[in-house]
Amino acid sequence: MTDSLPTGERRQLAPPLIERGALGWMRRNLFSSWANGIITVVLVVFVGSILSSFLEWAVFTANVTAATGSECHGQGACWALIVEKYRLIFFGTFPYEQQWRPLVASITLLAMLVMTSDRRMWNWRLLVIWSVGSFITFLMMFGQIHIPLSLFLAIALLVGGVGMSLRKAIADAGEMNAYRTLAAIGLIGLALRIAGILPAWSLDIAPLSYVETGLWGGIPVTLILASYGLVFAFPYGILLALGRRSDLPLIRALCVGFIELIRGVPLISLLIMASVMLPLFLPSGVTFDKFLRAQVAIILFAGAYIAEVIRGGLQSLPKGQYEAAEALGFNYVQKTALIILPQALRVVIPPLINTFLGFFKDTSLVLIIGIFDFLNTANQALVDPNWAGFPAEIYMFAALIYFIFCYSVSRYSKHLEVELNRGTRH
Amino acid sequence: MRKVMMAATAGFVAVVLGTAGTAHAGKELDAIKARGQLLCGVGTGTAGFHLANTQGKWVGLNVDVCRAVSAAIFGDADKVKYVPLTAQQRFTALQSGEVDMLSNNTTWTLTRDTALGFDFTGVTYYDGQGFMVPKKLGVKSAKELNGATVCVAPGTTTELNLADYFRANKMTFKPVVIEKVDEIRAAFFSGRCDVYTTDASSLAATRAANVPAPLTVEDFVILPEIISKEPLGPVVRHGDSQFADIVRWALFAMVEAEEYGITSKNVDEMLKSDNPTIKRILGTTPGMGKALGVADNWVYQIIKQVGNYGESFDRNVGPGSPLKIARGQNALWTQGGLQYAPPIR
């Protein structure tokens with residue numbers, strides 16, 4: 001018995017070649033039975049033929065150098081159209097020689113979104129990123145920014161007020177006094193400004209030529225509408241969600257009424273209301289900027305949806321959390337901001353990102369009120385008679401850009417889900 | 001009695017002063033001048049009429065009307081802010097003052113001219129319902145369409161006009177009624193129907209823009225018959241007749257210039273012309289601009305910067321453009337068309 005195996009040690013034979021690696025994977029998954037084998041072959045042939053004719057059209061016979069649309073006809077894809085029109089598609093009717101400005105604005109916006117996605121930034125840094133980023137974005141888009149005195153005063157009042165309630169009984173006397181002073185300056189200043197005693201002073205920053213919102217178009221418009229829609233809708237949605245769970249009947253009724261009203265109508269009807277009905281109610285000659293009206297409509301709409309998402313998070317918290325916070329002597333603001341919301345929001349981040357994705361694509365609805373978002377500028381490229389007859393190329397290009405945005409956000413959402421659940425995974 | 005007379009006189013004077021006041025004040029015009037910019041409502045993108053080109057600049061026949069008005073008021077055709085408006089928005093935008101004027105393929109009808117509180121100032125483009133057929137059918141006139149299959153959109157006046165026309169000419173047709181424009185086009189180009197009918201300008205745009213790959217523009221003809229009236233023109237609000245006059249005469253000036261052979265190329269030489277009519281038009285004999293409340297060289301500025309009506313038509317929708325729409329009803333009255341401008345004198 002010399003060839004007997006040593007005890008406690010088994011020789012591991014490699015599995016047969018056909019069970020291993022790519023070959024084995026194919027056998028297990030694609031050819032596990034005759035029927036599966038046949039289906040695999042049929043599908044491969046089918047997909048292959050579609051793919052080959054698509055590649056034939058999109059790559060091998062494509063034309064990227066034609067000077068006009070007529071040179072493109074009778075061949076494959078006319079990518080020359082995209083080459084010719086990409087600046088119109090990306091930046092719309094923004095003055096041609098100044099189009100580096102929306103480019104910088106778009107890059108700033110994207111950088112802001114990327115930085116926001118990093119969890120290490122989720123504190124006071126977020127405020128800095130968005131203040132600086134927004135300043136650069138709108139300075140680039142408008143070319144000139146006039147910050148009125150009232151805005152500074154309002155910010156002072158807001159910071160003071162929030163600090164006073166949030167840091168009550170936590171901060172030392174000096175810090176509290178600072179908040180009180182800020183709030184007092186803001187309040188008194190605003191009162192004097194409204195009474196007309198303080199002059200209408202404003203900080204003018206005007207390094208570039210002014211470009212009004214009517215000329216904006218393309219990617220920056222889509223990004224601004226979607227990101228600022230969400231940025232403003234988020235705190236607003238939190239307030240709505242808290243209001244809906246409030247003990248005060250009036251506030252609760254108002255919040256429920258608002259949420260149900262907004263959720264009961266399509267976004268398109270809100271946009272039409274904002275662009276067609278609202279001007280009729282205003283006195284003649286008083287007009288709000290069309291872009292601003294659309295932005296407000298999107299904020300209101302997104303707010304109602306976010307409120308419902310956040311309410312889900314609030315409801316998932318056990319009652320003990322509320323009671324524990326109260327037992328520690330926290331007031332309502334402290335309880336909500338320090339105990340409840342951090343837990344509730346963590347639960348709802350994935351559905352929130354889902355909402356964001358939805359709104360990123362929904363912004364294209366603004367084309368029905370004549371705002372040139374990315375999809376609408378792509379449409380402009382489509383109707384040019386010199387380049388007529390290539391809708392497939394334009395829409396595929398637009399779809400590709402949308403896909404790049406949405407897919408990266410969706411991957412990020414998945415990564416975030418894993419990261420956030422690390423603490424609670426068993 | 002004397003009191004009544006005095007009151008009546010006072011009232012009369014007040015009315016006269018009042019009307020004279022509004023006629024002279026021109027509050028819209030003052031607002032436009034103060035703003036330094038004309039707010040012109042255009043459409044959201046129709047080939048040849050209003051469209052943002054590759055550089056993001058608005059071009060088209062309707063855009064040229066905005067530019068002409070700007071040239072008349074400011075002496076500079078570029079002082080226009082274009083506000084793209086959809087069909088639903090356009091009237092509210094004009095009523096609420098979001099734009100000063102519309103130049104976006106709006107059909108002139110009685111209700112729009114009166115009940116909505118607007119004034120149409122002229123006709124930029126005489127449109128009307130037409131027919132398009134594949135060339136291989138060999139049809140030269142709509143009268144030869146007996147028994148044809150016709151693609152048409154439902155619930156529009158287009159459908160009714162079609163039925164009326166065939167009945168009046170004792171012909172029969174098989175309608176293929178499809179709701180969506182894209183699907184109608186696809187059905188026509190794939191040969192499901194022999195004829196596609198809608199507004200002639202839209203037919204031309206469809207032919208220029210939507211013919212699928214192996215076929216070309218040359219494979220389709222638009223028949224000469226036009227079976228309905230769709231006069232498209234600029235619109236202003238009630239309330240400032242002076243501004244309405246400027247919009248009206250800016251377009252007339254373009255037509256008048258074409259009639260007298262003044263083009264953007266030869267306008268500088270025409271300044272030396274001895275023809276009294278041309279001298280009045282170009283302002284070398286002053287007076288016309290003053291009557292209108294603008295600079296005396298207003299027509300010179302329009303023609304120099306925008307061109308006459310024929311040039312604009314040719315460049316945007318006519319033979320000089322991919323749309324290749326024939327002048328047809330939009331030819332000058334001297335050439336059998338409908339474009340007719342009252343004399344500038």
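Reader: Which side chains of chain A meet in a salt bridge at 3.3 Å, N to O?
Author: This is a predicted model. A salt bridge needs a side-chain nitrogen of Lys or Arg within 4 Å of a carboxyl oxygen of Asp or Glu. At 3.3 Å, N to O, that holds for the side chains of A:Arg244 and A:Glu260.

Reader: How many residues apart in sequence are the parts that A:Arg244 and A:Glu260 tie together?
Author: A:Arg244 lies in helix H9 (residues 219-244) of chain A. A:Glu260 lies in helix H10 (residues 249-263) of chain A, so the pair links parts whose separation in sequence is 16 residues.

Reader: How many salt bridges are there between chain B and chain A?
Author: Over all chains, the structure holds 19 salt bridges. One that joins the chains is formed by the side chains of A:Arg293 and B:Glu98, at 3.0 Å, N to O. Between chain B and chain A the count is two.

Reader: Which element gives the most to the side of chain B that touches chain A?
Author: Strand E2 (51-52), strand E4 (80-84), helix H4 (90-95) and helix H8 (200-209) of chain B each supply at least two residues of that side. The one that gives the most, with three residues, is E4(B).

Reader: What area do chain B and chain A bury between them?
Author: The size of an interface is often given as the accessible area lost when the parts come together. Here 29 residues of chain B are in contact with 28 residues of chain A. Of the area buried between the two chains, 56% is on carbon and sulfur atoms, and the total is about 2,600 Å².

Reader: Is H9(B) roughly parallel or roughly perpendicular to H14(B)?
Author: Two packed helices are described by the angle between their axes and the distance between the axes. The axes of helix H9 (residues 241-259) of chain B and helix H14 (residues 309-316) of chain B come within 6 Å and cross at roughly 95°. Angles of 65 to 115 degrees count as roughly perpendicular. H9(B) is therefore, relative to H14(B), roughly perpendicular.

Key:
Residues are numbered from 1 along each chain as its sequence is written. Chains are lettered from A and ligands numbered from 1 in the order in which they are written. This is a predicted model: local features need pLDDT of at least 70, side-chain atom pairs count only at pLDDT 80 or more; totals for chains, interfaces and linings use all residues. Side-chain values use heavy atoms; hydrogens and water are left out. Contact means heavy atoms within 4.5 Å. Buried area is the accessible area (1.4 Å probe) that two parts lose on being put together, summed over both. Helices (H or I, at least four residues) and strands (E, at least two) are DSSP runs, numbered from the N terminus. Axes are lines fitted to C-alpha atoms, for helices over the stretch in contact, and angles run from 0 to 180 degrees between N-to-C directions. Angles under 35 degrees count as roughly parallel, over 145 as roughly antiparallel, 65 to 115 as roughly perpendicular and the rest as oblique.
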